[in-house]
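The entries follow in the order in which I looked them up.

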Amino acid sequence: MRLRSVAAGLPSRTVTNADILRMIAEHSSGGFEGNLDETLRVIDGLLRYTGSAERRWLDAGERPIELLRNATKTALEQAEVQAGEVDLLIYTGIGRGFIEPGGAYHCAAALGLSEPDCFDIIDACMSWTRAVQVAESLMRAGRYRTAVIVNAEFSLRMGGMVFPHLFTLSNREALASIFPAYTLGEAATATVLSADDDEPWDFRFVSRPDLAPLCNVTLPGYEGFCEPSEKLAANGVGYFSSFGVEMHEVGMVEALGVFRSLDVDPEKVSALFTHASSKRHWQMMADSVGLGEAIHHVFPTTGNLVSASVPTAMASAIAAGALQRGERAVGWVGSAGMSFGAFSFVY
């Protein structure tokens, strides 16, 4: 399979760490138990520690579908692919406007794609990586020739699963399940792939379902679909809950293990793309496997883009000339679930 092109569409509103602190102060001032100013200083320190500086959110009047449409148009033009050549469209990720039907159908209609087979893949921050693996498997089977994978990770709208509910802190202890929300950004991406037997991709995955309670967005009635855990719905039903520190701590061994199972020569890797959950954490991981110089960070300027993290980093690296045709790249992702994945391909 060949990566023909990848494009990202970022919203226009830049939200700084100072903006995050201001919003928390505004929404928490009435009912916070404890010293709010001290807690804000803790949050500021944690944001700086992760490498966070800015993130991009939708501005007034901006619509996810327009950013997705523009990203897809750019990706198709860069790939020199006509809309009629696309025979598979996969919508992937957490951000979505529909539970039924799959978002791929609405996206295909909005993009003017009338013929492709459509379906969705949801696997938290691993979603894009899983979708690429599925696309390659289907292409190897000879079912499809040209696939487009799209996502629209926009979850910071007023009244959504993050804002303003998680910006209304009750006490400092609540940060344990809330802090990752303050690093989130928004983006749409489009990835164009074509069948090519001479360029196989190599994927490795490890799943740890025992860690599933660490990061969730629950639905009403979720209790009947899982084993009980005090971590589930920690911030309320329908709201994002993520025990980020614990996820990074317990996940490090698994992430390193899945990377090493990929068995790539660091000397032959030109670019490394990781999930954008923390610049510090992933830089440390990259350094430990000899790829510290190859990692391409977007987290400081875009925030955590969920399943759009890796394709956005790819688009950025290609535009900057950090990844050239014929060079080897590696992807490395940790995700709620929990799951850990690593993959290698030649661009």
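I looked up what covers the buried residues of helix H2, and the cover includes helix H1 (17-28), strand S3 (54-57), helix H6 (175-178), helix H8 (279-288) and helix H9 (299-302). I note that the model is predicted.

I then listed the buried residues of H2 as Leu-36, Thr-39, Leu-40, Ile-43, Asp-44, Leu-47 and Thr-50. They cover an arc of only 145° around the axis, which puts them on the same side of H2. I recalled that an α-helix has 3.6 residues a turn, so residues three or four places apart point the same way. On the face turned away from the buried side I found the exposed residues Asp-37, Arg-41, Arg-48 and Tyr-49.

I checked the length of H2 (residues 36-50): at 1.5 Å a residue, its 15 residues should span 21 Å, and the end C-alpha atoms are 21 Å apart, which agrees. At the start of H2, a side-chain oxygen of Asn-35 comes to within 3.1 Å of the backbone nitrogen of Asp-37. Just after H2, I read a positive phi of about 100° for Gly-51.

I turned to the sheet, which is open and mixed, with five strands in the order S1-S7-S6-S4-S5. Strands S1 (2-9) and S5 (117-121) stand at the edges with a single partner strand each, so one side of each is left without a neighbour in the sheet. Neighbouring strands are turned by 15° against each other on average, direction ignored.

S4 (residues 88-92) and S5 run parallel and are joined by five bridges. I traced the bridge partner of Thr-92 to Ile-121 in S5. Helix H3 (residues 64-79) packs on this sheet, touching S1, S4, S6 (146-153) and S7 (187-194).

Key: Residues numbered from 1 in each chain as written. Predicted model: local features only at pLDDT ≥ 70, side-chain atom pairs only at ≥ 80, totals over all residues. Heavy atoms only, no water. Pairing = 2+ DSSP bridges. Helix = DSSP H or I, 4+ residues; strand = E, 2+ residues; numbered from the N terminus. Axes fitted to C-alpha atoms, helices over the stretch in contact; angles between N-to-C directions. Contact = heavy atoms within 4.5 Å. Expected span 1.5 Å × (residues − 1). Buried < 20%, exposed > 50% of the residue type's maximum accessible area, 1.4 Å probe, protein only. Arc of directions from axis to C-beta. Polar contact = N/O pair within 3.5 Å; in protein donor to acceptor, adjacent residues only side chain to side chain.
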